[in-house]
Protein chains: 2
Amino acid sequence: MLTIKEVTELTGIAAPTLRYYEKEGLLPHVKRNESGKRLYDEEDLSWIHFVTALRATGMPIAQIQKYVYLYKEGDSTISERKRMMLHHKKEIEKSIRELYFNLDKINYKLALYDVLESQIERTSIKI
Amino acid sequence: MLTIKEVTELTGIAAPTLRYYEKEGLLPHVKRNESGKRLYDEEDLSWIHFVTALRATGMPIAQIQKYVYLYKEGDSTISERKRMMLHHKKEIEKSIRELYFNLDKINYKLALYDVLESQIERTSIKI
DNA sequence: CCTTGACTTCAAGTAAACTTTATCTCTTAT
DNA sequence: ATAAGAGATAAAGTTTACTTGAAGTCAAGG
């Protein structure tokens, strides 16, 4: 069982953020010791990693809340949770496609700069 | 020359957002007619598309402001602008890599759901 | 004992990027 | 001549996701 400090060191997530996630219901079943301090086990850690992956891929807190709520409901919600993940997978793939699409535009801009710089170079030689 | 309404229809960007971008200095040289209404030409449109690409790839407004400021300074800032674009290109590539990395985790989760569902199916058949 | 350090809670504050609202002006169709 | 519709400005409001601050609790070390 890890303290909140150990978890911040292990995950890089700030303690207030961990508390915030828990308060918002993103981290089910985090335990406490006798005096009320948080204790994280392996399962908590894997929830944290999972939530982090969802956040890093743009899933809003509210949607993760809903997912965790379904998780708590038990096995009867498995197909809905799977549907959520499938949908999110498609959203990530869409984000990646859009990033590539816009990356192309940046690369085009960079190519223009190459042309511009070589023009300036040639001009300088002429002078 | 297009009115702001025509530009919103062409680009899908709301009029207040176009005004906001201009006020923040992201759109240089947008002209006005005699009565003060905005008129956009081809160059304005390509700025709008460029700014949109930068925003869609996560560049903050403040950084775009700086870029446009450099652009207004003239040719002497070409190498710095190119450096900015190169840096941003690397940031986009990093985002893409991170999305793929986290997509893997989602796919792993989905695979778990497949296993779970087939288990439930088999259990049902047994009963 | 008592102070220090690591927690706790709750409320308020922050940052970024828009968006909305209120008020005003101008052009045009009736 | 006037009412509607498009557009302008400035200021305030909204949303999302944290982050910070204030105030209190508790166990351990000097």
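Leaving aside neighbours within four places in sequence, A:Thr77 is in contact (heavy atoms within 4.5 Å) with A:Leu70 and A:Tyr71 in this predicted model. A:Thr77 sits in the loop between α4 (61-73) and α5 (78-126) of chain A. Helices here are DSSP runs of H or I with at least four residues, numbered from the N terminus. A:Thr77 counts as buried because its relative accessibility is 7%. Buried means under 20% relative accessible area, with a 1.4 Å probe and protein chains only.

The model is predicted: local features need pLDDT of at least 70, side-chain atom pairs count only at pLDDT 80 or more, and totals for chains, interfaces and linings use all residues. Residues are numbered from 1 along each chain as its sequence is written, chains are lettered from A and ligands numbered from 1 in the order in which they are written, and side-chain values use heavy atoms, with hydrogens and water left out.

Chain A and chain B bury about 3100 Å² between them, 75% of it on carbon and sulfur atoms. Buried area is the accessible area (1.4 Å probe) that two parts lose on being put together, summed over both. A:Leu99, A:Ile106 and A:Tyr113 supply 20% of the area that chain A buries against chain B, more than any other three residues. The contact takes 33 residues from chain A and 33 residues from chain B.

Four salt bridges cross this interface. A salt bridge is a side-chain nitrogen of Lys or Arg within 4 Å of a carboxyl oxygen of Asp or Glu. One of them joins A:Lys82 to B:Glu117, with the closest N and O atoms 3.0 Å apart. On the side of chain A that touches chain B, α5(A) gives the most, with 26 residues. By class, that side has 18 nonpolar, seven polar and eight charged residues. Ala, Val, Leu, Ile, Met, Phe, Trp, Tyr, Cys and Pro count as nonpolar, Asp, Glu, Lys and Arg as charged, and the others, Gly among them, as polar.

DNA strand C has 16 residues around it. A residue is near the strand if one of its heavy atoms lies within 4 Å of it. The largest share of this surface, four residues, comes from α2(B). A phosphate oxygen of DNA strand C is 2.6 Å from an N or O atom in the side chain of B:Thr17.

Definitions and conventions. Helices (H or I, at least four residues) and strands (E, at least two) are DSSP runs, numbered from the N terminus. Buried means under 20% relative accessible area, exposed over 50%, partly exposed in between (1.4 Å probe, protein chains only). A polar contact is a pair of N or O atoms within 3.5 Å; within protein, one must be able to donate a hydrogen and the other to accept it, and residues adjacent in sequence count only if both atoms are side-chain atoms.
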